[in-house]
Amino acid sequence: MTDAPVAVGAEPAVAPRRWLSFAFLTVVLWGVWGAFASVSAQRGFPETLVYCVWAVTMTVPAVIVMQREKWKLDRDPKSIFYGLLIGLTGAGGQMILFYAVSKGPAYLIFPIISLSPLVTILMSFVLLKERTTKLGALGVVLALAALPLFDFSPQGFSFAQGSTWFPLALVIMLCWGVQAYFMKLANARMSAESIFFYMMLSGLLMAPAALAMTDFSRPINWGWDGPWLAAGIQVLNAIGALALVYAFRYGKAIVVAPLTNAGGPLVTAVISLLVAGVVPGELKMIGLALAVIASALLALS
């Protein structure tokens, strides 16, 4: 799975569609993960501890790919900076999210966060000079339009009440958008395996903060359907994150970011419909339709 660094904004001629395979792998894994991500918390295992379990599961794919590389880790200062920046913006955004959802409505916070690809697209367009076809551009627009609809559920809430959570949601959106941009940028100078190793390391470094945020005075489910079930679910997230690194390595950030962010919720919705019989609301149905069209256009672009 290792290749020489790829020039920023370019796809290698030997495998022009390799990015698409990794992007779709991310979509499938994150879609399945999304369908079951809340199960552990519903069974009494706090979200903050779920984060800690996720950080540990990141070590599994990280060790596997680093062993394949005979532990050849990029250790120059710039690679370390990029790697930790990518990891800390991702993990830090997750930490802020725990606090944000305790202060505001998730149905408004998540649609804002879902627009993080817009940050990635703007940075890639301006700084990396990335461009796509007309079909790809239409796909990007439709994907961005679809993303907020997956979680938005109007319930008469006024943004005037969001002085606490609204800035936090914007910070998370910025963190995850910047993370994706630097994931693409870093692939030009360091191996994908090294990037993911630093992402894993950053996740572990943030685990003590998650532990500190945990209310241990409340009952916690330590049974098999607590941490062990969480591990089985979160490893899908971890492998999906690794696939995303490779997708950014071979593809354009301006296309990969909206495709993976729109495709994952689409798979989640389909699984929820098949497994739990949950019928999406009107807004979500519109979002799903837009995501299907956007995914097809981005794949064809």
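1. The axes of helix 6 (residues 106-113) and helix 9 (residues 165-186) come within 8 Å of each other and cross at roughly 30°. Axes here are lines fitted to C-alpha atoms, for helices over the stretch in contact, and angles run from 0 to 180 degrees between N-to-C directions. Helix 6 and helix 9 are therefore roughly parallel; angles under 35 degrees count as roughly parallel, over 145 as roughly antiparallel, 65 to 115 as roughly perpendicular and the rest as oblique. The crossing of helix 6 and helix 9 is right-handed. A crossing is called right-handed if the near helix is turned clockwise from the far one by less than a right angle, and left-handed if anticlockwise. On helix 6 the contact is formed by Leu108, Ile109, Ile112 and Ile113, and on helix 9 by Trp165, Phe166, Ala169, Leu170, Ile172, Met173 and Trp176; contact means heavy atoms within 4.5 Å. By class, this contact of helix 6 with helix 9 has 11 nonpolar, no polar and no charged residues. Ala, Val, Leu, Ile, Met, Phe, Trp, Tyr, Cys and Pro count as nonpolar, Asp, Glu, Lys and Arg as charged, and the others, Gly among them, as polar.

2. On the basis of the model: it is predicted, local features need pLDDT of at least 70, side-chain atom pairs count only at pLDDT 80 or more, and totals for chains, interfaces and linings use all residues. Residues are numbered from 1 along each chain as its sequence is written, and side-chain values use heavy atoms, with hydrogens and water left out.

3. The chain has 13 helices and zero strands, where helices (H or I, at least four residues) and strands (E, at least two) are DSSP runs numbered from the N terminus. Of the 301 residues in the chain, 51% are buried; buried means under 20% relative accessible area, exposed over 50%, and partly exposed in between (1.4 Å probe, protein chains only). Among contacts with a separation of 6 or more, 90% join residues 24 or more positions apart. The chain exposes about 13,600 Å², of which carbon and sulfur atoms supply 71%; accessible areas come from the Shrake-Rupley method with a 1.4 Å probe, and for residues only the protein chains shown count as cover.

4. Helix 10 (residues 192-212) packs with helix 5 (residues 77-103) at an angle of about 40°, their axes being 8 Å apart. That angle makes helix 5 oblique to helix 10. Their crossing is right-handed. The residues in contact include Gly83, Gly87 and Gly92 of helix 5 and Gly203 of helix 10. The contact of helix 5 with helix 10 comprises 13 nonpolar, six polar and no charged residues.

5. Helix 10 also meets helix 3 (residues 47-57), the axes coming within 9 Å and crossing at roughly 160°. Helix 3 and helix 10 are therefore roughly antiparallel. Helix 3 passes helix 10 in a left-handed crossing. Among the contributors are Tyr51, Cys52 and Trp54 of helix 3 and Ser202, Gly203 and Met206 of helix 10. The contact of helix 3 with helix 10 has 11 nonpolar, three polar and no charged residues.

6. Which residues does Thr268 touch, not counting those up to four places away in sequence? They are Trp30, Gly31, Gly34 and Ala35. Thr268 lies in helix 12 (residues 253-276) and counts as buried, at 16% relative accessibility.

7. Leu149, in the loop between helix 8 (134-146) and helix 9, is buried at 18% relative accessible area. Its C-alpha is 6.9 Å from that of Pro111, 38 residues away in sequence. Leu149 also touches Leu283, Lys284, Ile286, Gly287 and Leu290, residues up to four places away in sequence being left out. Thr132, in the loop between helix 7 (116-127) and helix 8, is partly exposed at 30%; Thr132 and Lys252 are 120 residues apart in sequence and 8.4 Å apart, C-alpha to C-alpha.

8. Most residues other than glycine have a negative phi. Lys70 has a positive phi near 55°, and Trp71 has a positive phi of about 55°. Lys70 is exposed, with a relative accessible area of 67%, whereas Trp71 is partly exposed at 41%.
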